[in-house]
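Try each task before you read its solution.

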Amino acid sequence: MIAMQYSLVFPADYDMTIIEGRIRDKGPLLDGFPHLRFKAYLSARKDEIDFASPENLYAPFYLWDRPDGVSNFLTGPGFAQLTKDLGWPSVDIWLTWHSVVAVDVADARFASRHVEAISPYRDLTELKNESIRWAKSGSAKRALAVVVGFDPKGWRLVRFQLWRSAPSPSDVADQIYRVGHVSEGPLA
């Protein structure tokens, strides 16, 4: 599996209801997309009281079953329109070490993401095993989705979770998002 995310940053005074409306109107268009496990339509606000973000963001997160899903999406009309409307994002890709997606993943209302650098010469087998243990224990068990992956080009680890309600402060995250919609791929 492949995890993917891009982030579009907006000015501090940007009207984020525009992004929320876009999510509401365009979110269902990706329902049933081939090779998609899920797409979480994520946003964060600089002026959010409970979960203030350093920036206003639109930052969808995807979990794909196969590389052709990623390729077909990025070369398709939906992504082309997004780039015309909002700009040309850099796309982060992680090879997935572990993922769990609950049947009710569409009920997610919050997401948390933690990205950390992998130090040079780190034992990747040990890191993979630690990451899988983390994904199977503690707070991760309460999540509607858990994705752990690594980027061997930039040597980064990602831990991503979708939540029905706000994550607790003890959950390690460098970014909290609100979820506006979750698209799921075709039924198996």
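**Exercise 1. Work out how many helices and strands the protein chain has, and in what pattern they follow.**

Solution. Start with the count: the protein chain holds four helices and 10 strands, where helices (H or I, at least four residues) and strands (E, at least two) are DSSP runs numbered from the N terminus. Next, read along the sequence, and you get β-β-α-β-β-β-α-α-β-β-α-β-β-β. The radius of gyration of the chain is 16 Å, close to the 16 Å from the globule rule for 188 residues, so the chain is as compact as a globular protein of that length. (That radius is taken over C-alpha atoms, and the rule is 2.2 Å times the number of residues to the power 0.38.) Along its principal axes, the C-alpha trace spans about 45 × 40 × 35 Å.

Two housekeeping notes before you go on. This is a predicted model, with local features needing pLDDT of at least 70 and side-chain atom pairs counting only at pLDDT 80 or more, while totals for chains, interfaces and linings use all residues. Residues are numbered from 1 along each chain as its sequence is written, and side-chain values use heavy atoms, leaving out hydrogens and water.

**Exercise 2. Find the strands that pair with β3, and say why β3 counts as largely enclosed.**

Solution. Two strands pair if DSSP finds at least two bridges between them.

- Step 1: β3 (36-44) runs antiparallel to β5 (residues 61-64), joined by four bridges; L36 has W64 as its bridge partner there.
- Step 2: eight of the nine residues of β3 are buried, so the strand is largely enclosed by the rest of the structure. Buried means under 20% relative accessible area, exposed over 50%, and partly exposed in between (1.4 Å probe, protein chains only).

Now zoom in on A44 of β3. A44 is buried, at 4% relative accessible area, and its C-alpha atom is 5.0 Å from that of L57, 13 residues apart along the chain. Leaving aside neighbours within four places in sequence, A44 has contacts (heavy atoms within 4.5 Å) that include M16, S53, Q175 and Y177.

**Exercise 3. Which residues of helix α1 are buried, and what covers them?**

Solution. In α1 (residues 17-26), the buried ones are I19, G21, R22 and I23. Their cover includes β2 (8-10), β3, β4 (56-58), α3 (77-86) and β10 (175-184). Take R22 as the test case: its relative accessible area is 17%, so R22 is buried. Beyond its neighbours within four places in sequence, R22 is in contact with G27, Q81, L82, D85 and L86.

**Exercise 4. Describe what lines the largest pocket.**

Solution. A pocket here is an open set of points on a 1 Å grid over the protein atoms alone, where a 1.4 Å probe fits, with protein on both sides within 12 Å along at least five of seven lines; lining residues have an atom within 4 Å of a point. The lining has 18 residues, with L29, L30, F73, G78 and F79 nearest the centre. By element, α1, β3, α2 (67-74) and α3 each supply at least two, and α3 gives the largest share, five residues.
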